[in-house]
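Hi everyone, thanks for coming.

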Amino acid sequence: MITLITANWLLYLIALLIGVVTAFWVWAATGREASAVDRFSADDGLLEKAGEPVRPADPQPESSPPADAVSEPSPAPPAKPVVAPAAAAPLAADKPAAPAEATPPVAGKPNIPAAVGEPDNLRLIKGVGPKLNTLLNGLGVTRFDQIADWKEAEITEVDQYLDTFSGRITRDAWIDQAKFLAKDDIVGFEKKYGKL
């Protein structure tokens, strides 16, 4: 047996590494993280430091009498109602509520002034990635000066075509960013919005 192990030690090491990697992969794929309820312990002393009264822990079940002392089976105790811990409520409240009704994207193109000139690289605007750049180009939005001239009506008009990116125009301050970029004021842009 020792001869077999020493002759094939490299294979055993590889098999061990594959097992460890597979176990880690399975563990990570389950996405099991301890929730706040699982990590909560009333015995950690934090409640006492905060001046909160400490609730006594649930009493331990009585030990069962020896088997020879039991003459007849005892009735089952009534089931305790399950009460959700108070700590679980804030966790659910942290998640943003889903919109009540998703509006489908509007077909066609927005009714905004057309761009004049060569297209700009709209991805220089913070918050505009490849997908949003493609969507904007498809809507006819291709230049910084075009975005810089938008008023509330144009913002509302374009926003309805942005589907999942709705609200990004005002949230990411596209108009202000586009004003800097349209004037080639890179220093002013980087001072306010960071490096390009």
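**Helix 6 and its surroundings**

Let's start with helix 6, where Leu-132, Asn-133 and Leu-136 are the buried residues. Buried here means under 20% relative accessible area, exposed means over 50%, and partly exposed is anything in between, using a 1.4 Å probe and protein chains only. Looking down the axis of helix 6, the buried residues fall within an arc of 105°, so they line one face of the helix. That arc is taken from the directions from the helix axis to the C-beta atoms.

A quick word on what we are looking at: this is a predicted model, in which local features need pLDDT of at least 70 and side-chain atom pairs count only at pLDDT 80 or more, while totals for chains, interfaces and linings use all residues. Residues are numbered from 1 along each chain as its sequence is written, and side-chain values use heavy atoms, with hydrogens and water left out.

Back to helix 6: what do its buried residues pack against? They pack against helix 10, where contact means heavy atoms within 4.5 Å. On the face turned away from the buried side, helix 6 carries the exposed residues Pro-130, Lys-131 and Thr-134. After helix 6 comes Gly-140, with a positive phi near 90°.

Now the core. The largest nonpolar core has 24 residues, and those touching the most other members are Ile-125, Leu-136, Ile-147, Trp-150, Leu-162, Ile-169 and Trp-174. Such a core is a set of buried Ala, Val, Leu, Ile, Met, Phe, Trp, Tyr and Cys residues joined through side-chain atoms within 4.5 Å. Helix 6 (130-138), helix 7 (144-148), helix 8 (152-159) and helix 10 (174-182) each supply at least two residues of this core. The largest share, five residues, comes from helix 10. Of its 196 residues, 18% count as buried. Among contacts in the chain with a separation of 6 or more, 57% are between residues 24 or more positions apart.

One last stop is Leu-13, in helix 2 (residues 9-30). Leu-13 is partly exposed, with a relative accessible area of 39%.

Conventions:
Helix = DSSP H or I, 4+ residues; strand = E, 2+ residues; numbered from the N terminus.
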